[in-house]
Amino acid sequence: PRLREPRYRVVLLGDPGVGKTSLVNLFAGVQERDLLDQHGGAAYERRLTVDGEETALLVLDTWESEQRGEESQRRSHCLHVGNAYIIVYSVTDRDSFESASELRIQLRRARQAEDIPIILVGNKTDLVRCREVSEEEGQACAAVFDCKFIETSAALQHNVAELFEGVVRQIRLRQGGR
Ligand code: GDP
């Protein structure tokens, strides 16, 4: 069924190659042309039931899809439209972990007075031998930045459902425990 008015918009942020598209593809297969046009990139929507209550999530994977020249505008749009944010890094790529911190700071600047849910995600945990960022470092970073934290593997489909359910719970918590 088509969802005309998705209830919550969730924006994926993170360096190229960390697994944003893989994660959202596992979450939702539906991609709508008008949503793509409206958001200038990839938008996915799905209903999911969390704690017995149904919610519509629109997930935007548009962070790096921008054309040259439009980049800063598109990115500023991304930083303003989300009801929640998923900041992804790869546990096999320390640079992407540093970028995640930078993104958290940008987001805080863009949405100063707002208490927006942010989930920090360390993806690619299946690549055990290539790991450059420990789970403890991820947790510590999330604590400093006042985010939730989860490690995932899109390849093994590990913790992906939990990630999106967690996003819904975080949004609900801030909206008065609906
Ligand atoms: P994006 O640029 O952040 O959207 O990243 P993609 O989803 O396009 O993924 C980049 C590459 O990493 C692709 O080759 C994916 O197959 C791979 N990838 C994504 N998630 C995982 C994961 O959890 N484990 C492994 N081993 N590879 C992954």
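This is a predicted model: local features need pLDDT of at least 70, side-chain atom pairs count only at pLDDT 80 or more; totals for chains, interfaces and linings use all residues.

Before reading off the order of elements, I note that helices here are DSSP runs of H or I with at least four residues, strands are runs of E with at least two, and both are numbered from the N terminus. On that basis I read the elements, from the N terminus on, as β-α-α-β-β-α-β-α-β-α-β-α, which gives the chain 6 helices and 6 strands.

Entry on confidence. The chain has an average pLDDT of 87, and 84% of the residues score at least 70.

Entry on the chain as a whole. I find that 37% of the 178 residues are buried. Taking the contacts between residues at least 6 apart in sequence, I see that 66% of them join residues at least 24 apart.

Entry on helix 5. Which residues of helix 5 are buried? For this helix, residues 135–144, I get Gly138, Cys141 and Ala142. They lie on the same side of helix 5, because the arc they cover around the axis is only 100°. I set beside this the general rule that an α-helix has 3.6 residues a turn, so residues three or four places apart point the same way. On the other side of helix 5 I list Glu136, Ala140, Ala143 and Val144 as exposed. I then asked what covers the buried residues, and the cover includes helix 4 (94–110), strand 5 (118–123) and strand 6 (148–151). Just after helix 5, I note that aspartate 146 takes a positive phi of about 60°.

Entry on helix 6. I checked the span of helix 6, residues 160–174, whose 15 residues reach 22 Å from the first C-alpha to the last, close to the 21 Å expected at 1.5 Å a residue. The buried residues of helix 6 are Val160, Leu163, Phe164, Gly166, Val167, Val168 and Ile171.

Entry on the ligand. How many residues surround the ligand, and which are the closest? I count 15 around it, with Gly19, Lys20, Thr21, Ser22 and Ala155 the closest. By class, I record the shell around the ligand as 5 nonpolar, 7 polar and 3 charged residues. Helix 1, residues 20–27, contributes the largest share of that shell, with 3 residues.

Technical notes: Residues are numbered from 1 along each chain as its sequence is written. A residue is buried if 20 or more other C-beta atoms lie within 10 Å of its own, exposed if 12 or fewer, and partly exposed in between; C-beta atoms are placed from the backbone. The arc is that of the directions from the helix axis to the C-beta atoms. Two residues are in contact if their C-beta atoms, placed from the backbone, lie within 7 Å. A residue is near a molecule or strand if its C-beta atom, placed from the backbone, lies within 6 Å of it. Ala, Val, Leu, Ile, Met, Phe, Trp, Tyr, Cys and Pro count as nonpolar, Asp, Glu, Lys and Arg as charged, and the others, Gly among them, as polar. The expected span of a helix is 1.5 Å times one less than its number of residues. pLDDT is the predictor's confidence in each residue, from 0 to 100.
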